[in-house]
Amino acid sequence: MNYKNINIISKSVQTYIPIILISIYAFFINWISANKGVMVIDTFSFFDSSFSIFKNKLPVRDFWAFTGIFVDYAQALFFLILGKSWSSYVIHACLFNILISLVFYYFLQQIELNKLYSFFYTISFATLCYPVSGTPFAYLHSFILSLASIFLICIALKKNNPIIWFIIPLVCFLAFFSMQTPSTYIILIVIFFSLYFLSKKNYLKSFSYFLYGGVFSLTILFLYLFLTKTPFENLLYQYFLFPLSLGSERILSDPSAYVSLKDQISFKRLILDFKFIHIFLFPIIFFTIKQFYTKNQNKLNIYNLIIILSTFAFLFNQLVTANQVYIFSLIPVLASLLHCNLKKEKFNKYLNVFIILLICFVTTKYHLRYNVDRKFLDLENIDKSSAQNAEILDNKMKNLNWINPYHEPKEELLFLKNSIDHLKKDKRKKTLITHYHFISTVLEEDLNIWNRWYLFTNDTHPTETHKYFPFYQNMVNKNIEENQVQVIYLLSQQDEILFDNIKNYFTEKCFKNTVIAENRFSSHEIIKCKK
């Protein structure tokens, strides 16, 4: 073997070994985290809704889905390829963790960070990204795809590759149809910088590809509506008007809002909860201002500006939604960018050592809190040694170690097993109202779901006090009539979903109510009303 061949092999090893190692790590760190515990309302959000697609019951058209349309179809694809099981559900999230980790690694290579540092920051990123949830989650899909669009526009500005410019609008489109926020804020940032640079003479060819990507994305949307016979009115109310009403109430601190932005404005929430993000963000802001002040413009400073604005957008969205914090993976992103700025400014190299040590500390801290203790699922203070294998419910649930912050796991699984057996024996056409959104898949039966979530404070669907309630009420009654539903079952955690909360959804219907388990499981047979 001559020297030239040895050199080619050596370069190939240096190129592909890090990619393989990142992929393996990103997969298994998410796999291990995902199989540990559940938060019922979040963990199973896209399980039965994805299965329903196989029964020709589509989100937006047939049931209320104000987020996560892309997540539903992506999961349906995983069910189709890998089988309808908990494992294929987790693999979906694992592969998205791999995808964004590799895009981040490529981005770091393009901003000329050496491979060892790029590998280090990417491993940290993979640890703090999807594993905080572990299972498909609309906010994380939107966050990941939004991040991908940010990395891609930075790469596109450097390489001016028309294909990348074509892909950017498509990624933004998928981000938006995963979750409207934070993707909307990021899309505005992407459009602004894209149009600014693409208007320049040497970017004119790329500009046409960027427009093609946008047109292609819109074509997909209108073809979907046409081919599935989904009324545009359904999309308008569910994906635009209703979420806008929620957002405006929160931002304007309306008394009826689940959370108000005003209540989030505190030192703890603004500074302490995001302290490690700020530690890296503020120096980047300093370098950016310095570069603009000295008029010493370069591509790195443009990357700084894009990522600074995006970070503010992610922070704002986190405050408005008031979810568990899921954006800690921004820390290695900002740290790696600061690393590049320090290199550009020729600061003492020992500062990089400090950054590396701090990232090791932060990654370990949040890994233990979120991936091991499962804080995102409110399991941080729960003894996880009592977790039970969910395979007792069905072989499809194999690998899930069931523990829930609100019920003793062995008792809950037995309750669910008995409930599933009861539903299986009932051969009538039925609707199941629940947050245990895996039962339809386990039974392989269309249970005519109405919603992804059932909260009765106008946060997941309109209730009686909301201006869009008539539209939602019409969808519910149409669902019952078209599917010839004979009985409605309510299955929940203690006092979570009560018939009193939903009885006003129906028009001209009467029920024979039967309590199966007090405040947890009940049946409501539709009967003729007495005149």
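**A sheet, a helix and a core**

Strand 3 and strand 4 (residues 487-491) run parallel, paired over five bridges. Strands here are DSSP runs of E, at least two residues; helices are runs of H or I, at least four; both are numbered from the N terminus. Two strands pair if DSSP finds at least two bridges between them.

A word on the source. This is a predicted model, where local features need pLDDT of at least 70, side-chain atom pairs count only at pLDDT 80 or more, and totals for chains, interfaces and linings use all residues. Residues are numbered from 1 along each chain as its sequence is written, and side-chain values use heavy atoms, leaving out hydrogens and water.

Back to the strands. Ile-433 has Leu-490 in strand 4 as its bridge partner.

Four strands make an open, mixed sheet, in the order 3-4-6-5. Which strands stand at the edges? Strand 3 (430-434) and strand 5 (510-517) do; each has a single partner strand, so one side of each is left without a neighbour in the sheet.

Next, the core. A nonpolar core joins buried Ala, Val, Leu, Ile, Met, Phe, Trp, Tyr and Cys residues through side-chain atoms within 4.5 Å. Buried means under 20% relative accessible area, with a 1.4 Å probe and protein chains only. The largest core has 172 residues, and Trp-402, Phe-438 and Trp-450 touch the most other members. Helix 7 (residues 138-159) gives the largest share, 16 residues.

Finally, Trp-450. Leaving aside residues up to four places away in sequence, its contacts include Ile-433, Thr-431 and Ile-488. Contact means heavy atoms within 4.5 Å. Ile-433 is the residue bridged to Leu-490.

Notes:
Buried means under 20% relative accessible area, exposed over 50%, partly exposed in between (1.4 Å probe, protein chains only).
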